[in-house]
Each structure stands twice: as structure tokens, then as C-alpha cells.
Amino acid sequence: MAGFLSFASEFSAATVDTRARALYYRVPHEIRQPVCAAAPWMILSNVPAPVLCAAPCDLADQPGVKGFMFFNTLKEEKTVERTFAIIKPDAFAAGHAGRILTCIYEAGFTVVGMKKIWLSEVQAGGFYHVHRDRPFFADLTAFMSSGPCVALVLEAPGAIARWRERMGATDPGTAAAGTLRREFGTSIGCNALHGSDAPDTAAFEIGYFFSGMELL
Ligand code: CMP
């Protein structure tokens, strides 16, 4: 174990890659053997960081070479924050709310606020007031008031960016594979989900739907 530790810390310093949500370290496949020969995936303790996870991967900078990706969960220094989300009328009517909530929990969010609502067109217009001069505004408010939806307040480290990443691009047609809008949305208007785009909009949007006493 001691040999692994010195190798890992030495290697990680040179190969830290910030493109991943958590920082990760890539090490050659051979390093797996002294650590855990049997498990394809493992959680280690008593290592430089108290929690370290590893998963098999290809080394991006050494094509064809197998390695392990080490996730140091404690290196994620993002502030715990809240974001606002809506499961829109299209996704709710299609019966996707349950699956979307499961994805939300699996992505590590804490649901601190949740309610089923049916907006009036005026309420939808107030919520989306920043878009009032856009050509799609009337369609947007008509759609958002066309049926019930679910309003959510989600909490996590870096919740705003994390939720937008999980949703995918506004237009489901261009959203990346595996994102929720890609899976549940059908058009840029009927895109299944909403998420705040910045801390100030999150504060406005949370306050538009929830009182402080409803956030638990
Ligand atoms: P949302 O993230 O909720 O924020 C504003 C919404 O406007 C957006 O999702 C889309 O569903 C909707 N919308 C409709 N048409 C357009 C468009 N042409 N460009 C951007 N957003 C659009």
C-alpha cells in the first residue's frame, strides 16, 4: 500500500485533469495489482485523501493503454448551493416525473423543496419575464400553463452547473446523449425541464415558487 501511495500522489500531481466534475488522476493499469487485484472498482481508505474511488478507463494520452481513473471526492471544493428546477408540463403529462426524480437523487441532489403546480399564463409570464421580448414568449407561457408541472429546489455542491449539465442543452435535438432533455424532451419548446442559469436567477426563481418555510 505504501508503494502505491507514493506512486499515486506523485503521478496525480502531474496528471490532474479538471474536465471531470471531480478531479481525477489517471495511473497505469499495473498500479492496480498491489492495491486491489480482484475488484474492477474499489473504494480505498487510509490514502492521502480519506475517500478515493477508482474505475477502469483508457488513458487518453496513451491510446490503447488501460488504466484507472481515481476520483478524489474531497477535492471537489464547490460550495453547496441551491438551484430551481421544473419538470415541465410535457414531461409530467407523459408520466416521466418519477424517472426524472430518480435521476435527480442518483445525481446526488438533495430535494429541499417540491410541489405540484399548475401555472396560469400570467404566472408563467412572471416567471419567464426575462424572455418577454423574445418571439417565443407567447408560446412559452401558453405551454407552461398548459398543465401541471413539478417545481423543485435542489441542493448540492455546485448545484446550478450540475443540474444544467444533467439536463443538457435547451434544445433536446442538440443535447448530449445521456442527458435528461435528450431523453425526455421533444423540441426546444417542449424540453421537459427547466433549471436556473446563475445564482441570482436561482434566488429569484426559488422565491417565486417557495416560501422559506417550505424548504426543508
Ligand atoms: P428554459 O430553460 O425553461 O428557459 C426558457 C425556455 O424558452 C427554454 O427552456 C425553452 O423551452 C423555451 N424556448 C422556446 N423556444 C425557444 C428558442 N427559440 N430559444 C430558446 N428557448 C426557447
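Which residue of β8 stands opposite I87? L193 in β8 does. The close-up views below start from this pair. The model is a predicted one, in which local features need pLDDT of at least 70 and side-chain atom pairs count only at pLDDT 80 or more, while totals for chains, interfaces and linings use all residues. Residues are numbered from 1 along each chain as its sequence is written.

**View 1**
Strands (E, at least two residues) and helices (H or I, at least four) are DSSP runs, numbered from the N terminus. Two strands pair if DSSP finds at least two bridges between them. β5 and β7 pair in the antiparallel sense over eight bridges, with I86 opposite A151 in β7. β5 and β8 also pair in the antiparallel sense, over three bridges. Six of the eight residues of β5 are buried; a residue is buried if 20 or more other C-beta atoms lie within 10 Å of its own, exposed if 12 or fewer, and partly exposed in between, with C-beta atoms placed from the backbone.

**View 1. The largest nonpolar core.**
A nonpolar core is a set of buried Ala, Val, Leu, Ile, Met, Phe, Trp, Tyr and Cys residues joined through C-beta atoms within 7 Å. The largest one has 23 residues, of which A85, L154 and L193 touch the most other members. At least two residues each come from β5 (80-87), α4 (97-106), β7 (149-157), α7 (159-167), α8 (180-184) and α9 (199-209). β7 gives the most, with five residues. Two residues are in contact if their C-beta atoms, placed from the backbone, lie within 7 Å. Not counting residues up to four places away in sequence, L193 touches A85, I86, I87, K88, A91, M167, L180 and R181.

A202, E205 and I206 are buried in α9. These residues lie on the same side of α9 because they cover an arc of only 100° around the axis, the arc being that of the directions from the helix axis to the C-beta atoms. Their cover includes β5, β7 and α7. On the face turned away from the buried side are the exposed residues D200 and G207.

**View 2. The surroundings of the ligand.**
Around the ligand are H131, F136, L140, T170, I188, G189, N191 and H194; a residue is near a molecule if its C-beta atom, placed from the backbone, lies within 6 Å of it. This shell has three nonpolar residues, five polar and no charged. Ala, Val, Leu, Ile, Met, Phe, Trp, Tyr, Cys and Pro count as nonpolar, Asp, Glu, Lys and Arg as charged, and the others, Gly among them, as polar.

**View 3. A192 in its loop.**
A192 lies in the loop between α8 and β8 (193-195). A192 counts as buried because it has 26 C-beta neighbours inside 10 Å. Phi of A192 is near 75°, a positive value in a residue other than glycine. Most residues other than glycine have a negative phi.

**View 4. P89 in helix α3.**
P89 is in helix α3 (residues 89-93) and is buried, with 21 other C-beta atoms within 10 Å. P89 and V150 are 61 residues apart in sequence, but 8.2 Å apart in space, C-alpha to C-alpha. Leaving out residues up to four places away in sequence, P89 touches F143, M144, S146, G147, P148 and C149.
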